[in-house]
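Keep the picture in view as you read.

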Amino acid sequence: MNCNELVELITDYLEGSLPASDVGRFEDHLAECPACRLYLEQMRGVIKTVGQLEEKHISSEAKEKLLRVFSNWKKGV
């Protein structure tokens with residue numbers, strides 16, 4: 001596995017939905033790549049921080065922008 005592949009699979013890994021056949025390759029790459037280990041820890045930090053946000057902490061403009069971005073992302077735009 002290379003760094004680009006790891007980035008594509010990181011969400012599945014963190015959610016525990018990465019196929020078992022890929023988990024070993026993913027973890028083998030992490031063992032050899034300090035940059036990807038750092039990226040994984042950064043993603044864990046982002047998830048932890050975002051998970052603590054409440055709707056009242058997000059401005060209406062930011063909420064609208066996020067909803068637009070996610071809507072477009074789902075559409076493949």
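Val7 is partly exposed, with a relative accessible area of 38%. Buried means under 20% relative accessible area, exposed means over 50%, and partly exposed lies in between (1.4 Å probe, protein chains only). Val7 sits in helix H1. Helices here are DSSP runs (H or I, at least four residues), numbered from the N terminus.

## The model and its confidence

This is a predicted model, in which local features need pLDDT of at least 70, side-chain atom pairs count only at pLDDT 80 or more, and totals for chains, interfaces and linings use all residues. Residues are numbered from 1 along each chain as its sequence is written, and side-chain values use heavy atoms, with hydrogens and water left out.

The chain averages a pLDDT of 90, and 96% of the residues score at least 70. That score is the predictor's confidence in each residue, from 0 to 100. Which element has the lowest mean pLDDT? Among the elements of the chain, the lowest is helix H4 (residues 60–75), with a mean of 84. H2 has the highest, at 96.

## H1 against H2

Helix H1 (residues 3–15) packs on H2 at an angle of about 120°, and their axes are 11 Å apart. Axes are lines fitted to C-alpha atoms, for helices over the stretch in contact, and angles run from 0 to 180 degrees between N-to-C directions. H1 and H2 are therefore oblique to each other. Angles under 35 degrees count as roughly parallel, over 145 as roughly antiparallel, 65 to 115 as roughly perpendicular, and the rest as oblique.

On the H1 side, Cys3, Glu5, Leu6, Leu9, Ile10 and Tyr13 make the contact. On the H2 side, the residues are Val23, Arg25, Phe26, Glu27, His29 and Leu30. Contact means heavy atoms within 4.5 Å. By class, this contact of H1 with H2 has eight nonpolar, one polar and three charged residues. Ala, Val, Leu, Ile, Met, Phe, Trp, Tyr, Cys and Pro count as nonpolar, Asp, Glu, Lys and Arg as charged, and the others, Gly among them, as polar.

## H1 against H3

The axes of H1 and H3 come within 11 Å and cross at roughly 35°. The contact uses Cys3, Leu6, Val7, Ile10, Tyr13 and Leu14 of H1. From H3 come Cys36, Tyr39, Leu40, Met43, Arg44 and Ile47. The contact of H1 with H3 has eleven nonpolar, no polar and one charged residues.

Is Tyr13 buried or exposed? Tyr13 is buried, with a relative accessible area of 18%. Tyr13 belongs to helix H1. Leaving aside neighbours within four places in sequence, Tyr13 is in contact with Leu18, Val23, Phe26, Glu27, Leu40 and Arg44. The C-alpha atoms of Tyr13 and Phe26, 13 residues apart along the chain, are separated by 8.3 Å.

## H2 against H3

The axes of helix H2 (residues 20–32) and helix H3 (residues 34–51) come within 5 Å and cross at roughly 110°. That makes H2 roughly perpendicular to H3. The residues of this contact of H2 with H3 divide into five nonpolar, one polar and two charged.

Note on methods: Helix = DSSP H or I, 4+ residues; strand = E, 2+ residues; numbered from the N terminus.
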